[in-house]
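This report is meant for someone meeting the structure for the first time. Please look over the sequence and the model before reading on.

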Amino acid sequence: MVYYLTRFASWLAGRVPRPARLAVAGPATVLVYYLWAAKRRVTIANMAHILGVPERDARARQLARLSWRNYGRYVSDFFYLPNATPSEMRTRLHDVSPEPGAFALIDEGLARGRGILLVSAHFGAWDVAGVFAAMHTPIYLLVETFDDPRMDRLVQEQRRGLGMDVLRIEKTPRHILRVLQGNGVIGVAVDRPVGRDEGVPISFFGRQCYVPGGIAQLALKSGAALLPGFCWYDDAYSSAYYVSAGPLIIPESSGDKRADTIALTQRMFDALESEVRRRPEQWAVFRRFWPEGEDAEEKAREIASAPAEQVTVGEISGRE
């Protein structure tokens with residue numbers, strides 16, 4: 001059913017003007033926000049932490065509603081993308097990275113000959129960030145396989161049509177390392193909160209939380225540079241997309257794998273925090289990002305001092 005609804009929505013999106021699509025998509029996702037109580041509470045909790053206010057504060061609730069409304073823009077664009085062409089997307093994309101620009105940073109990373117991990121987040125129009133990178137260099141997206149093979153084929157063919165290939169996150173890390181060793185570029189969203197026993201501890205907006213350490217471990221093992229990059233919408237609901245990238249992060253090894261993994265993951269999330277702080281209403285993470293309970297920081301210190309382990313698929317994706 002989802003497969004046929006997606007195909008119909010994509011067909012319809014290609015025939016409905018964007019203003020009309022947004023007029024429906026935004027209110028629809030806000031309606032979901034009000035009806036889905038558990039997700040509403042989690043979104044408010046995340047936004048309250050970003051703002052540094054209690055969850056009952058009206059500003060946190062307003063920001064939570066805006067994040068769901070912006071998510072409607074993303075959903076609308078997701079259904080439209082099969083109808084888009086690379087040339088159309090090129091006219092709508094604007095690189096606002098500091099000089100010399102995002103493409104120059106990609107070239108700088110590739111000049112090292114060890115590949116690049118483009119790290120992004122569920123932020124703004126995150127699929128379009130990959131389209132932007134693919135205009136300059138071949139790129140692989142690290143993705144999960146859909147349970148429905150037809151749905152999986154539909155989405156992956158859509159991505160390939162816009163110049164992006166895919167790597168399955170279910171594959172062993174060797175497949176990912178092989179691309180990096182060939183000086184390839186891989187894009188991945190890293191903002192996946194996990195349980196305290198599944199990830200590494202970092203500080204994000206001033207509080208400890210836990211995220212997968214696999215991407216940092218892959219960078220340390222391969223020597224690949226990390227390049228944070230983000231794509232977002234403007235407040236005028238125009239057809240433009242804005243892209244920024246940087247700084248280029250070069251992995252450094254001290255010989256302590258666990259400490260190096262945590263330090264490199266922290267640098268990734270420092271870049272994410274900087275972007276989310278500027279535009280929190282565009283961050284679409286509807287799972288509780290920060291653990292509850294007074295023992296969170298104590299447990300974080302225990303994990304930080306634990307022995308280093310080999311990279312696992314669970315550490316990359318945040319799944320067991």
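Arginine 168 and aspartate 152 form a salt bridge in which the closest N and O atoms are 2.8 Å apart. Because arginine 168 belongs to strand 4 (residues 164–168) and aspartate 152 to helix 8 (residues 149–161), the pair ties together parts that are 16 residues apart in sequence. Aspartate 152 counts as buried, with a relative accessibility of 8%. This is a predicted model, and a search of the whole of it finds eleven salt bridges. Side chains of opposite charge can pair when their charged atoms come close.

Another of these pairs is formed by arginine 21 and aspartate 77, whose closest N and O atoms are 3.9 Å apart. Distant parts of the chain are linked by this pair, as arginine 21 is in helix 2 (residues 18–35) and aspartate 77 is in helix 4 (residues 58–80), 56 residues apart. Arginine 21 is buried at 10% relative accessibility, and aspartate 77 is buried at 3%. Arg18, Arg21 and Asp77 are linked in a network of salt bridges.

Arginine 277 is partly exposed, with a relative accessible area of 48%, whereas glutamate 273 counts as buried at 16%.

| Salt bridge | Closest N to O distance |
|---|---|
| Arginine 168 and aspartate 152 | 2.8 Å |
| Arginine 21 and aspartate 77 | 3.9 Å |

Arginine 92 is found in helix 5 (residues 86–92), and at 10% relative accessibility it counts as buried. The side chain of arginine 92 reaches the backbone oxygen of serine 239 at 2.7 Å. When residues up to four places away in sequence are not counted, arginine 92 touches Arg18, Tyr80, Ser239, Ala240 and Tyr241.

Leucine 63 lies in helix 4 and is buried, with a relative accessible area of 10%. Although leucine 63 and methionine 47 are 16 residues apart in sequence, their C-alpha atoms are 6.5 Å apart in space. With neighbours within four places in sequence left aside, the contacts of leucine 63 are Met47, Leu51, Pro280 and Glu281.

Strand 2 (residues 116–120) is mostly covered, as five of its five residues are buried. In a regular strand the side chains alternate between the two faces of the sheet. Here Ile116, Leu118 and Ser120 point one way from strand 2, while Leu117 and Val119 point the other way. Strand 2 pairs in the parallel sense with strand 5 (residues 185–189) over five bridges, and leucine 117 stands opposite isoleucine 186 in strand 5. Strand 2 also pairs in the parallel sense with strand 8 (residues 225–232), over four bridges, and isoleucine 116 stands opposite alanine 225 in strand 8.

In soluble globular proteins, nonpolar side chains tend to be buried together. The largest nonpolar core in this model has 90 residues, of which Phe204, Ile215, Leu226, Phe269, Trp283 and Phe289 touch the most other members. Leaving aside neighbours within four places in sequence, phenylalanine 289 is in contact with residues including Phe204, Phe269 and Trp283, and also with Asn46, Asp191 and Arg192.

Notes. Residues numbered from 1 in each chain as written. Predicted model: local features only at pLDDT ≥ 70, side-chain atom pairs only at ≥ 80, totals over all residues. Heavy atoms only, no water. Core = buried A, V, L, I, M, F, W, Y, C linked by side-chain atoms within 4.5 Å. Buried < 20%, exposed > 50% of the residue type's maximum accessible area, 1.4 Å probe, protein only. Contact = heavy atoms within 4.5 Å. Salt bridge = Lys/Arg side-chain N within 4 Å of Asp/Glu carboxyl O. Helix = DSSP H or I, 4+ residues; strand = E, 2+ residues; numbered from the N terminus. Polar contact = N/O pair within 3.5 Å; in protein donor to acceptor, adjacent residues only side chain to side chain. Pairing = 2+ DSSP bridges.
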